[in-house]
Amino acid sequence: MFDLTVEIFGYQVNLFAQIFGLGMLIFVALGYVTRDRVYFILTLLGSCCCVMESVVLKAWSSAFAAALVCVRNVLILAYGKKGKKVPPLICWAIIAVVAVGGAVGTVIEKDLWAILPPVLTIADSFFASLRPQKELKIAIIPIAFGYILFNFHVGAYVGVIRQIIAFIAGIIGLVRYMKYLKKAGGVTGEPAKQEEVTYENKT
């Protein structure tokens, strides 16, 4: 049903996968300029597009990891509506399921590349909870690079473009943050907690 493949510059390109990839790119880009509930709603829609993109390309471990991100965002929205945060136990349970799903997906696909999406999803979730912001901004760069490699491998070419943008944005964000540290916290790179809060509020 979703097998609409054409050859472009010697590469087999599934057009349906690229359409879903473009949908994710649009939703994620819009999410970056919003905050709070709207951000999570847009990234939820983007993750749904990622699930479809991965299913079309038969990249099952990626589809599974993206589906768990959808679940995570639904929980964040549900708990946020009540003014609460998702309990840590549930967060760790999601991470554990992603890990198991990634291992199973790698076995099913018989492709070591299949382990990348769950590993990168776990890394993203882990570093997103870290402070200071420096660690998160540094982590975004190798995570985006990993997704660039995986997306190229499975033929998600719009996904490659999406992650190149994230990779460049990560470098720019890190440079901006390090400049802020020098101005606000000296040359040690370890500003006071209040300075980090101020930086987060400014961005």
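**Reading the terms of a predicted model**

Me: The most residues in the nonpolar patch, three of them, come from helix H4 (residues 88-109). What makes this set of residues a nonpolar patch?

Reply: In this predicted model, residues are numbered from 1 along each chain as its sequence is written, local features need pLDDT of at least 70, and side-chain atom pairs count only at pLDDT 80 or more, while totals for chains, interfaces and linings use all residues. Side-chain values use heavy atoms, with hydrogens and water left out. The patch consists of Val55, Trp60, Val100, Val104 and Ile108, which together have about 460 Å² of accessible area. A patch takes residues with over 30% relative accessible area and no salt bridge, joining nonpolar side chains (Val, Leu, Ile, Met, Phe, Trp, Tyr) within 5 Å and like charges within 9 Å. Accessible areas are computed by the Shrake-Rupley method with a 1.4 Å probe, and for residues only the protein chains shown count as cover.

Me: Why is Val104 described by the class it has, rather than as buried or exposed?

Reply: Val104 belongs to helix H4. Buried means under 20% relative accessible area and exposed over 50%, with partly exposed in between (1.4 Å probe, protein chains only). Val104 has 44%, and is therefore partly exposed. Ile161, in helix H7 (residues 157-185), has 48% and is therefore also partly exposed.

Me: How do you know which class Lys58 belongs to?

Reply: The relative accessible area of Lys58 is 59%, so this residue is exposed. Lys58 sits in the loop between H2 and H3. Although Lys58 is not a glycine, its phi is positive, at about 60°.

Me: What makes a set of residues a nonpolar core, and which residues form the largest one?

Reply: A nonpolar core is a set of buried Ala, Val, Leu, Ile, Met, Phe, Trp, Tyr and Cys residues joined through side-chain atoms within 4.5 Å. The largest has nine: Met24, Val28, Leu44, Cys49, Cys50, Val51, Ala66, Cys70 and Leu77. At least two residues of this core come from each of H1 (15-32), H2 (36-56) and H3 (60-81); H2 gives the most, with four. A second, separate core of five residues includes Leu120, Ala123, Ala139 and Ile143.

Me: Why is the pair Arg162 and Glu53 called a salt bridge?

Reply: A salt bridge requires a side-chain nitrogen of Lys or Arg within 4 Å of a carboxyl oxygen of Asp or Glu. The closest N and O atoms of Arg162 and Glu53 are 3.5 Å apart, so the pair qualifies. This pair links distant parts of the chain, Arg162 in helix H7 and Glu53 in helix H2, 109 residues apart. Both Arg162 and Glu53 are buried, and the structure holds one salt bridge.
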